[in-house]
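Thanks for coming. I will talk through one protein structure, and I will keep it short.

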Amino acid sequence: MAKLGMVGDSYIARSNAVADAETINWYPETNETAGAQTKMSFFGTPGLLAFCAFDEGPVRGSCWTGQRAFAASGQTLYEVFADATTVKLMDGTLDSFGLPVSIAFSTIEILIVAGGRAWCMDLATNAVVEV
């Protein structure tokens, strides 16, 4: 089997029109064993496993407040718990353009912005108000 010299530099140039070779989610490791077939290998990022699944497709935005976790998937905002269970908080409310959802938080509320609309959710009561 032919060996391909695919492991090389990883950097970001000031202009990708000149050169750009950024490695994302892979890390190079030098093979230190004498007589190794290759001098370097790429390995995937360790520890990345699916934590939970959502009913409506890809995650469009998420945030961790330090005490609670929220994720927007499809048209729904979910709260995500440590045991990987989820609860729908805003079912079918978020516009489904497939664009990112922005979520910002304070100690008392979170702000969700999607498709040109915005909502505030009170963290004490989970009451949602469009703003």
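This is a predicted model: local features need pLDDT of at least 70, side-chain atom pairs count only at pLDDT 80 or more; totals for chains, interfaces and linings use all residues.

Residues are numbered from 1 along each chain as its sequence is written, and side-chain values use heavy atoms, with hydrogens and water left out.

First, the sheet. Four strands make an open sheet in the order β3-β4-β5-β6, and the pairing is antiparallel. The edges are β3 and β6, each with a single partner strand, so one side of each has no neighbour in the sheet. From one strand to the next, the twist averages 25°. That angle is taken between N-to-C directions on a scale from 0 to 180 degrees, with axes as lines fitted to C-alpha atoms, for helices over the stretch in contact. Strands here are DSSP runs of E with at least two residues, helices are runs of H or I with at least four, and both are numbered from the N terminus. Two strands count as paired if DSSP finds at least two bridges between them. Between β5 and β6, which run antiparallel, there are four bridges. As an example, L77 has M90 in β6 as its bridge partner.

Now the aromatic pair. Rings of Phe, Tyr and Trp (its six-membered ring) pair if their centres lie within 6.5 Å; planes under 30 degrees apart are stacked, over 60 edge-to-face, and the rest tilted. By this rule there is one aromatic pair. F54 and Y78 form it, tilted, at 4.8 Å centre to centre with 50° between the planes. F54 lies in the loop between β2 (40–44) and β3, and Y78 in strand β5, so the pair ties together parts that are 24 residues apart in sequence. Both F54 and Y78 are buried. Buried means under 20% relative accessible area, exposed means over 50%, and partly exposed is in between, using a 1.4 Å probe and protein chains only.

Next, how many salt bridges are there? The count is four, where a salt bridge is a side-chain nitrogen of Lys or Arg within 4 Å of a carboxyl oxygen of Asp or Glu.

R68 forms one with E79, with the closest N and O atoms 2.8 Å apart. R68 sits in the loop between β3 (59–64) and β4 (69–73), and E79 in strand β5 (residues 76–80), eleven residues apart. R68 is buried at 18% relative accessible area, and E79 is buried at 7%.

R117 and E130 meet in another, at 2.9 Å from N to O. R117 is in strand β9 (residues 117–122) and E130 in strand β10 (residues 128–130), so this pair links parts that are 13 residues apart in sequence. R117 is partly exposed at 30%, and E130 is partly exposed at 43%. Salt bridges that share partners also join D55, K88 and D91 into one network. Within it, the closest N and O atoms of K88 and D91 are 4.0 Å apart.

Last, which residues other than glycine have a positive phi? Among them are A84, near 75°, and N126, near 65°. A84 lies in the loop between β5 and β6 (86–90), and N126 in the loop between β9 and β10. A84 is partly exposed at 25% relative accessibility, and N126 is partly exposed at 30%.
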